[in-house]
Amino acid sequence: LLDGLPEIELPRMVYTKPHIFKPPRNDVLTMTPWYAPIIWERTFNLEILNEQFRQRNTSIGLTIFAIKKYVVFLQRFLETAETYFMVGHRVKYYIFTDRPEAIPNITVKEGREIVPLRVQNYPRWQEISMRRMEMISHYSQQRFIHEVGFLVCVDVDMRFSDSVGVEILSEVFGTIHPGFYAAERQAFTYERRLISEAYIPRDEGDFYYAGGFFGGTVAEVYKLTKKCHEAIMADKNKNVEAVWQEESHLNKYFVYHKPTKILSPEYLWDNNLGNPQFLKKKRFLAVPKNHAAIRNK
Ligand code: 2GW
Ligand code: MN
């Protein structure tokens, strides 16, 4: 039993040794109380991680939803992903859309592939956003589990502007919302109504996580999205919708199923929030949108 296991063996590598008394960062929290790393620039060596994940031949599915007018975001999203997302690894772009013909014709690098997945459109934008949980859980069980090791689930109104690599991968990970990294618990915009399944008491919760960037192994993402979808449906039956839709349910999930890694706001930034000192890289940026025009509310 123990003999047939694939061996991961690193080649000779030359780099500065870690130093017990010189932590790479002392301006930010790099570990949660449950010992999940928080990923910041300078805390990891991508060369080592790339070697480990390459030897395992890791493949990564990136789920993106582009429904109705949101197909306009695909071109820039995909072009920048080709430059910055999981370079050197196997990637499948799972594009959920009601308009597959509107997916731009982009040539992707070797080992990478665009997979269009047709889905229906929902008239309410809140529903489009929330139904992502249902679609991801459904396709995880039907398809993703046979095709990729990890899933990364993101908003499409975004562009990559620096490296996002295998340092983000773990059993289940979430991302600190760029608007709330310094906020007190009381200021988190968790769902506060007891009637909602997304309710979080005022004295609980660790971080405010963004709805637009989470992931993990297919098995863990399946559990997460299934549970969130069921909670959304339970709310719907009570005629309730959480204050920030599925983002509220994701936050509830993470209170009681702690992420095994947490991405710092480097991984989800908005230039409207400025350039704070601690932010050494902006890896994934919100694309400004004309809310009125694009959303068509
Ligand atoms: C969304 C809002 C209003 C009108 C339309 C849409 C819309 C969203 C759409 O017409 N087509 C579509 O494909 N979407 C998808 O839902 C798309 O992938 C988009 O990135 C995602 C979330 O909508 P978005 O990006 O407009 O909302 P944000 O940027 O305010 O996102 C935060 O809050 C949301 C919940 O209200 C989600 O939790 C999201 O993950 C958060 O980043
Ligand atoms: Mn968005």
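Begin by selecting asparagine 239, which counts as exposed at 75% relative accessibility; here exposed means over 50% relative accessible area, buried under 20% and partly exposed in between, with a 1.4 Å probe and protein chains only. The model is a predicted one, in which local features need pLDDT of at least 70 and side-chain atom pairs count only at pLDDT 80 or more, whereas totals for chains, interfaces and linings use all residues. Residues are numbered from 1 along each chain as its sequence is written, chains are lettered from A and ligands numbered from 1 in the order in which they are written, and side-chain values use heavy atoms, with hydrogens and water left out.

Staying with asparagine 239, you will find this residue in the loop between helix H4 (218–237) and helix H5, where helices (H or I, at least four residues) and strands (E, at least two) are DSSP runs numbered from the N terminus. Its phi angle is near 60°, a positive value in a residue other than glycine.

Methionine 86 sits in the loop between helix H2 (74–84) and strand S3, but at 0% relative accessibility it counts as buried.

From there, move to strand S3 (residues 90–97), which holds threonine 97, a residue that is buried at 0% relative accessibility. Its side chain reaches the backbone oxygen of alanine 66 at 2.7 Å.

**The surroundings of ligand 1**

Now select ligand 1 together with the residues that are near it, that is, those with a heavy atom within 4 Å. There are 19 residues around this ligand, and the closest are Phe65, Tyr70, Asp155, Gln245 and Glu246. By class, the shell holds 8 nonpolar, 4 polar and 7 charged residues, a division in which Ala, Val, Leu, Ile, Met, Phe, Trp, Tyr, Cys and Pro count as nonpolar, Asp, Glu, Lys and Arg as charged, and the others, Gly among them, as polar.

Which elements each supply at least two residues of the shell around ligand 1? They are strand S2 (59–66), helix H3 (125–147) and helix H5 (245–256), and H3 gives the most, with 4 residues.

With the ligand still selected, look at its oxygen atoms. One lies 2.5 Å from an N or O atom in the side chain of glutamate 246, an oxygen atom is 3.2 Å from an N or O atom in the side chain of lysine 289, and an oxygen atom is 3.1 Å from a polar backbone atom of valine 156. The protein covers 91% of the 730 Å² of accessible area that ligand 1 has on its own, with areas taken from the Shrake-Rupley method.

Glutamate 246 leads on to serine 129, because the side chains of these two residues make a polar contact at 3.0 Å; such a contact is a pair of N or O atoms within 3.5 Å, and within protein one must be able to donate a hydrogen and the other to accept it, while residues adjacent in sequence count only if both atoms are side-chain atoms. Serine 129 is in helix H3 and is buried, with a relative accessible area of 16%.

Valine 156 can be selected next, in the loop between strand S5 (150–154) and strand S6 (158–160). At 3% relative accessibility, valine 156 counts as buried.

**The manganese ion**

Select ligand 2, a manganese ion, which is coordinated by Asp155 (OD), Asp157 (OD) and Asp157 (OD) at 2.2 to 2.4 Å. Donors here are N, O and S atoms within 2.8 Å of the metal (3.2 Å for Na, K and Ca), and water is not among the atoms, so sites may look incomplete. Aspartate 155 counts as partly exposed at 23% relative accessibility, whereas aspartate 157 is buried, with a relative accessible area of 8%.

**Two cysteines and a last stop**

A search of the whole structure finds 0 disulfides, a disulfide being a pair of cysteine sulfur atoms within 2.5 Å. Cysteine 153 is buried at 3%, and cysteine 228 counts as buried at 2%.

Finish at arginine 42, in the loop between strand S1 (38–39) and helix H1 (46–55), which is exposed, with a relative accessible area of 53%. Its C-alpha atom is separated by 6.0 Å from that of proline 24, although the two residues are 18 residues apart along the chain.

Methods: Accessible areas come from the Shrake-Rupley method with a 1.4 Å probe; for residues, only the protein chains shown count as cover.
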